[in-house]
Amino acid sequence: MFDPDIAPSGTLLGLLQRGRGDGTLHALAAPRAEALAALHHCVLHDPRSDWQVENRSLYYARLCLDLDAGLDEIEQHLFDPDDLIDTAEERTGLALAVLGHLASYGREDALRLLRRYAATGGNWQWALDELALRDEDTELRALAAAVLARYPETPEGDAELAAAVRGAYEPRPWRLWADDPRHGDRVRAAQEHGSFDRWQRQLSPSGPRPGWSVHDVLLWAQREDDLRPGARRPEAAARCLAAVAGPEDRPELLAAAAAAPDAARAAALRHLAETGDPEVLDLIEAAVTAPAAELVSQGALAAFERMRSIVALDRARMWAQRPDALGAAAAAMLACRGGQYDAPLVLSALRDTVRAEGPDAPALWALVDGAGRLRIACAAPVLRHIYRETASSHLRGRAARALAATDPSFGAGFAVECLWDCEESTRELAARHATTADARVVEQLRRLAADPVEEAEVQTAVRSRIDPDPRAV
């Protein structure tokens, strides 16, 4: 996870960092030098708060094509001396992914840069994966010597090579190299070694195993947490309790949920919540409100959020107006599973969360979804604010879906710019809702329909608008 420095949403840089469709439209209307400077800043300084989830690479690659951008800045970034020191994927991953998309569009200079980086760069595995999807067999075979030279022919080097083969996201290059007369023996040995290691781990798991009783499971959960804090043992212990606990163990579980050491208490709370014990809601309230360790309070909240009973919903209606974490969890439950009569509570929680924590608060995800699910028309203004200001492209997409359900102006408003959004799910939504009275919409729909890199779901939605089924009513 990152904590990137995001520019204001009203600036070109801020729009591009967020991956908004308006970012592309503004960049194409801005002076080219200004647009290229903002684009390169985004590609070389990943603006995503969660780079493993949010999409930006295709969005930036398309803008590179529209602006006819060169690759000198990306090349300097990839081959900077820092690449030998900072080997973290997040430093170069976005730039390599952008190059991969440019290669898909036929940019030979992007392919050459990826090949060079795969041979010499620190994050070579990412570059090799990009090439595996797009490059010719002969070019991939030519990289074998450079990649294998990274691993000395020693027991340690062979073990590292086996781990690299086993962990490869795209196996195509390794399969090609396994058939190469010059390198095949070593690559095949690494493949067999990796398969043997996986088989050994499956046959002989080395993880700790609790005894076969409630007391043993709770003791194991606490002991493991003491040894390795943050190892999420309460969740594993709760799954074990589901297998070993019987009705006769309820008094011990209730006692543990009330006053056991932290990890054992969290495990007992989760088990009681999953079995729907009638006393668990009071125990959850006590764990969150009374002075307790974070492990206990977070475990209690997680246990409550997983409950599906009518009793839990009724209690959520009582807790939803609380100004604490329990109130936030209750509002989220109502947003996800409440009825139409819960709309005022969800709307109040949505407004209060934005006011107190801003447009990127984690609690907003469920509340935004709830505003759309319950079709709370009064929520449209705050949803529009979240859409404009959030730095999370996923939260913006959720806000767009909620606006499609609550805001009659969405089709002629935000849906238009969503056709250029960085998230494919948001583009798909826009393809279904954007009004075709805007000439830009028709042009972009045609472009997406013909784009060889666009996702199939988006193109299906686009074609339903361009060439609707005449049999549909």
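D66 and R447 pair up in a salt bridge, with their closest N and O atoms 3.0 Å apart. That pair ties together distant parts of the chain: D66 sits in helix α4 (residues 57-66) and R447 in helix α28 (residues 439-450), 381 residues apart. Keep in mind that this is a predicted model. The protein has 29 helices and zero strands, and the salt bridge count comes to 34.

**Overall picture**

- Along its principal axes, the C-alpha trace spans about 70 × 65 × 50 Å.
- Of the 473 residues in the protein, 51% are buried.
- Take the contacts between residues at least 6 apart in sequence: 64% of them join residues at least 24 apart.

- How accessible are the two partners? D66 has 31% relative accessibility, so it counts as partly exposed.
- R447 comes out at 34% relative accessibility and is also partly exposed.
- As background, side chains of opposite charge can pair when their charged atoms come close.

**The R317–D342 bridge**

- R317 makes a salt bridge with D342, and here the closest N and O atoms are 2.7 Å apart.
- This pair also links distant parts of the chain: R317 belongs to helix α20 (residues 310-319), while D342 is in the loop between α21 (325-337) and α22 (343-357), 25 residues apart.

**A salt-bridge network**

- The side chains of R322 and D324 meet in a salt bridge, 2.7 Å from N to O.
- R322 is partly exposed at 23% relative accessibility, and D324 is partly exposed with a relative accessible area of 28%.
- Which residues make up the network around this pair? D282, E285, R315, R322 and D324 are linked by salt bridges.

- D80, D82, D86, E89 and E90 form a negative surface patch.
- One of these residues, D82, is found in the loop between α5 (72-78) and α6 (89-104).
- D82 has 42% relative accessibility, which means that it counts as partly exposed.

- L111 is part of helix α7 (residues 108-120), and at 8% relative accessibility L111 counts as buried.
- Leaving aside residues up to four places away in sequence, L111 touches A103, L131 and D135.
- How far is L111 from L218, 107 residues apart along the chain? Their C-alpha atoms are separated by 55 Å.
- T353 has its place in helix α22, the helix given as residues 343-357.
- T353 is buried too, with a relative accessible area of 11%.
- The contacts of T353 are G358, A361, A363, L364 and L367, again not counting residues up to four places away in sequence.

Note on methods. Residues are numbered from 1 along each chain as its sequence is written. This is a predicted model: local features need pLDDT of at least 70, side-chain atom pairs count only at pLDDT 80 or more; totals for chains, interfaces and linings use all residues. Side-chain values use heavy atoms; hydrogens and water are left out. A salt bridge is a side-chain nitrogen of Lys or Arg within 4 Å of a carboxyl oxygen of Asp or Glu. Helices (H or I, at least four residues) and strands (E, at least two) are DSSP runs, numbered from the N terminus. Buried means under 20% relative accessible area, exposed over 50%, partly exposed in between (1.4 Å probe, protein chains only). Patches are made of residues with over 30% relative accessible area and no salt bridge: like charges are joined within 9 Å, nonpolar side chains (Val, Leu, Ile, Met, Phe, Trp, Tyr) within 5 Å. Accessible areas come from the Shrake-Rupley method with a 1.4 Å probe; for residues, only the protein chains shown count as cover. Lys and Arg count as positive and Asp and Glu as negative; His and the chain ends are not counted. The place of a charge is taken as NZ of Lys, CZ of Arg, CG of Asp or CD of Glu. Contact means heavy atoms within 4.5 Å.
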